[in-house]
Amino acid sequence: MAVAAAVAVPWAGCCRSVTGRRARELEDPRHMDWDAVFAWLRHSPAGGVAALIVGLALGSFINVVIYRLPRKLSVIRPRSCCPACGRRIRPHENIPVLSYLLLRARCRGCQGRIPLRYPIVELLGGLLTLLAVRLAPSPETSLVWMLFALALLAVVFIDLDFRIIPDWITLPGTLIGLLWALMGAFPLRDALLGVVAGGGGLLLIALVYQWVTGREGLGMGDVKLMAMVGAYLGWQGALGTLLLGSLVGSLVGGGLVLRGKGTRLTALPFGTFLAPAAWVVLFGGQLLWTAYLSLFLG
Ligand SMILES: [Zn+2]
């Protein structure tokens, strides 16, 4: 496997001059130098490909989550089946993106069409994992960012399909974000303010909207989603996400009205717009910061 061969590289290459416990650790053949693995994933082209491959596989799992979680099915068992004919999907038919192309987007059993959505979610999983690995400041942060970004990926499509955002994603997601801040990786004050500003801000908008129009426009799922977003991005990031998500959502809604595909009252899945807005704030903010630093500090 490409991943196994690739991961073996950092073991071989860790021979810096270090002393004490660290040196003894490095001499131990069972020891894996995670800093070297992370540096390799982060800086080398082969490491980037490895991160992408891992991300494609995670994207494949997110496809399972999107299909099963709203239907209250286990995301672990049974193995994946064709939703049309129930045929078990063999491991070699389950390779991200590649199988879709080799099968020419058709099930081997019933010739039913495999939606383009599947490879798109896999590719997004790959891209988000790559961004998390390349842009996060530390190995631990890249893992947390990856979890957050992939949770948002599931939200995009579950909200689009079912108009719900499962608590099974947002509540553990918020908890992990706060624990992460509690461990000192992100200012706890910012994370808590983020939860309050994100969740509370949207709740306020929802209540005002309901008071003015007499209709329920936003669900509690959106409120909990924004609380989760705030735990990772702080209050500034949560407000940025709200602004960007609302802006794109209104543009799309307006476009649908203009094309006669909806009315002003057509309910749009708000989470489908908020989650990508949170990606932009998470990774885009970091990219802008990196560009800024390289521009002024060389
Ligand atoms: Zn089938």
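Helix α7 (residues 117–135) and helix α12 (residues 270–297) pack with their axes 11 Å apart, at an angle of about 40 degrees. Helices here are DSSP runs of H or I with at least four residues, strands are runs of E with at least two, and both are numbered from the N terminus. Axes are lines fitted to C-alpha atoms, for helices over the stretch in contact, and angles run from 0 to 180 degrees between N-to-C directions. The two helices are therefore oblique to each other. Angles under 35 degrees count as roughly parallel, over 145 as roughly antiparallel, 65 to 115 as roughly perpendicular and the rest as oblique.

This is a predicted model: local features need pLDDT of at least 70, side-chain atom pairs count only at pLDDT 80 or more, and totals for chains, interfaces and linings use all residues. Residues are numbered from 1 along each chain as its sequence is written.

**The contact of α7 with α12**

α7 passes α12 in a left-handed crossing. A crossing is left-handed if the near helix is turned anticlockwise from the far one by less than a right angle, and right-handed if clockwise. On the α7 side, the contact is made by L128, L131 and L135. On the α12 side, W279, F283, Q286 and L287 take part. Contact means that two C-beta atoms, placed from the backbone, lie within 7 Å. The residues of this contact divide into 6 nonpolar, 1 polar and no charged. Ala, Val, Leu, Ile, Met, Phe, Trp, Tyr, Cys and Pro count as nonpolar, Asp, Glu, Lys and Arg as charged, and the others, Gly among them, as polar.

**The whole protein**

The protein has 12 helices and 0 strands. Of its 298 residues, 32% count as buried. Buried means that 20 or more other C-beta atoms lie within 10 Å of a residue's own; 12 or fewer is exposed, and in between is partly exposed, with C-beta atoms placed from the backbone. Take the contacts with a separation of 6 or more: residues 24 or more positions apart account for 66% of them.

Two packed helices are described by the angle between their axes and the distance between the axes.

| Pair | Angle | Axis distance |
|---|---|---|
| α7 and α12 | about 40 degrees | 11 Å |
| α9 and α10 | about 155 degrees | 8 Å |
| α11 and α12 | roughly 110 degrees | within 7 Å |

α11 is therefore roughly perpendicular to α12. Their contact holds 14 nonpolar, 7 polar and 1 charged residues. L247 lies in α11. With 12 C-beta neighbours inside 10 Å, L247 counts as exposed. Its C-alpha atom is 9.8 Å from that of A277, 30 residues apart along the chain.

α9 and α10 are therefore roughly antiparallel to each other. α9 passes α10 in a left-handed crossing. T174, G177, L178, A181 and L182 in α9 meet L188, A191 and V195 in α10. These residues divide into 6 nonpolar, 2 polar and no charged.

The 19 residues of α7 should span 27 Å at 1.5 Å a residue, and its end C-alpha atoms are 26 Å apart, which agrees. The expected span is 1.5 Å times one less than the number of residues. Buried residues of α7 include P119, E122, L128 and L131. Among the elements that cover them are α5, α8 (139–162) and α12.

Helix α5 (residues 45–68) has 24 residues. From first C-alpha to last, α5 reaches 35 Å, close to the 34 Å expected. Its buried residues include G47, G55, G59 and N63.
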